[in-house]
Amino acid sequence: MYLKFILCLCLSDTLGLQSAMDQGPLYRLYNDLLEHYKPYIRPRRNPNETVEVVVSYSMASVEALEETTQTVASSAVIRFEWKDDLLTWNCSDYGGIQFINIPVERLWFPDVSLTNGIDDISLILPNGDLARVNNDGWIQWYHGMNRRTKCPIDMSTFPFDTQLCNITLFQWISDIMQVNMTAVGVHFQSSLFQRNGEWEIIDKLMETIVHKYPNGFVQTEMVFTFVFRRKYLFYIITNILPVMLLSVLNLGVFLLPPESGEKVSLCISIVLSYAVFLSVIGGSLPEVSDTVSIFSIYLLTMMFVKVATTLWTVLVLNVYHGDAEEKYSPQDPNDQHSHTLSNSLDKKTLQKGNKELANNLNKIGFVVIFFLTVSVSIVCFVLLFTL
């Protein structure tokens, strides 16, 4: 009885081994590599050796760069590459297989965190990613990431501004003696990159920073920097050109003769138009108080110029017309028509204005406002393009 049981057991083991071998070399390779593999142990046969990890960052798209919240929403692919001494094999023993794809959760992977995320500091985890494992032990892990990160905004040169936004990756728990991480590349794939309608990337930088702590603990920080430049054509058409046209129209007040009686009306119309226009473009200006835009100061200055134009025009009209004096004279008694209206008085108005002085003040106002408008505009745009 016992002999039959032993024979059946041996026969089942033989059939199981034969079934495993029938599944092919790929099955045997996975089984041989991962059967005794421990993903929480550093992949070194010598525990004193350091795992060298190289990291590169590829920008895929920029969804939004928000000035109010000072954040940038972007999608990217991070590539991690390291060598695992425990995942090597001879290609000839496994049908010439040179590489295989293994879920990253089944492997050791570097502990890296995103430190400038908008929510909190979080570890970069595989979430179902696959890693390419080569027969010499080199592993490539491509991790897709869609995050919102902090980006300090400097609005002083709006709308001709450039912004520097960083992606900061930090070593989480291991130190540099165990895992040494180095940034080796930062770029964006032209074939995969989805362009943003408001911003364009004009430069990219990378830096690896080593942090040493008093207890002797040493860790690395990798900073990937992208330089964004605002596309300003929209703001030139909708903001800058209308403001300049209103400034030119403001000078037309001094070309209108005082006797027309429409100088003040034109001034008030221009001021009201400018006020309405400011309320419209106020929605497109960033609501940031850390740095004030030079363009915002320019708009406020031009508003003061238009108010000064209105006050100066009132002064010119006051000098031109002067103080009005009304003189009354009795009716002629020989006039039969006026005799019937003997109680009525003939009213005449005398003017005491100084037309020559008013014209001179009008010319002076034109020169002063023209100089202010041109000088303020030149200073503003020189600062916008040079800062």
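Which residue lies over the face of Tyr274? Lys306 does, at 4.5 Å from the ring centre. The close-ups below show this and other details of a predicted model.

View 1. The protein has 387 residues, and buried residues make up 39% of them. Its chain forms seven helices and 13 strands. Take the contacts with a separation of 6 or more: 74% of them join residues 24 or more positions apart.

**View 2. Trp82 and Trp108 form an aromatic pair.** A search of the whole structure finds 13 aromatic pairs. In this one, the ring centres of Trp82 and Trp108 are 5.8 Å apart. Their planes meet at 80°, so the pair counts as edge-to-face; the cut-off for that label is over 60 degrees. The two residues come from distant parts of the chain, 26 residues apart. Trp82 belongs to strand β2, residues 71-83. Trp108 sits in the loop between β3 (99-103) and β4 (112-114). Are these two residues buried or exposed? Both Trp82 and Trp108 are buried.

**View 3. Three rings make a cluster.** Look for Tyr57, Phe224 and Phe226. Ring pairs link these residues together.

**View 4. Two charged side chains sit over rings.** The charged end of Arg132 is placed over the ring of Phe99. The distance from that end to the ring centre is 3.7 Å. In the second example, Lys306 lies over the face of Tyr274. Here the distance to the ring centre is 4.5 Å.

**View 5. A cavity lies inside the protein.** Rolling a probe the size of a water molecule over the atoms shows where empty space is left. How many cavities of 30 Å³ or more does a search of the whole structure find? The search finds one. The largest cavity holds about 40 Å³ of space.

View 6. Three strands, β2, β8 (162-171) and β11 (218-230), each supply at least two of the lining residues. Which element gives the largest share? Strand β8 does, with three residues. By type, the lining has six nonpolar residues, three polar ones and no charged ones.

Notes: Residues are numbered from 1 along each chain as its sequence is written. This is a predicted model: local features need pLDDT of at least 70, side-chain atom pairs count only at pLDDT 80 or more; totals for chains, interfaces and linings use all residues. Side-chain values use heavy atoms; hydrogens and water are left out. Rings of Phe, Tyr and Trp (its six-membered ring) pair if their centres lie within 6.5 Å; planes under 30 degrees apart count as stacked, over 60 as edge-to-face and the rest as tilted. Helices (H or I, at least four residues) and strands (E, at least two) are DSSP runs, numbered from the N terminus. Buried means under 20% relative accessible area, exposed over 50%, partly exposed in between (1.4 Å probe, protein chains only). A charge sits over a ring if NZ of Lys or CZ of Arg is within 6 Å of the ring centre and within 35 degrees of the ring normal. On a 1 Å grid over the protein atoms alone, a cavity is a set of points where a 1.4 Å probe fits but cannot get out, and a pocket is an open set with protein on both sides within 12 Å along at least five of seven lines; lining residues have an atom within 4 Å of a point. Grid points are joined across faces, edges and corners, and a volume is the space filled by probe spheres set on the points. Ala, Val, Leu, Ile, Met, Phe, Trp, Tyr, Cys and Pro count as nonpolar, Asp, Glu, Lys and Arg as charged, and the others, Gly among them, as polar. Contact means heavy atoms within 4.5 Å.
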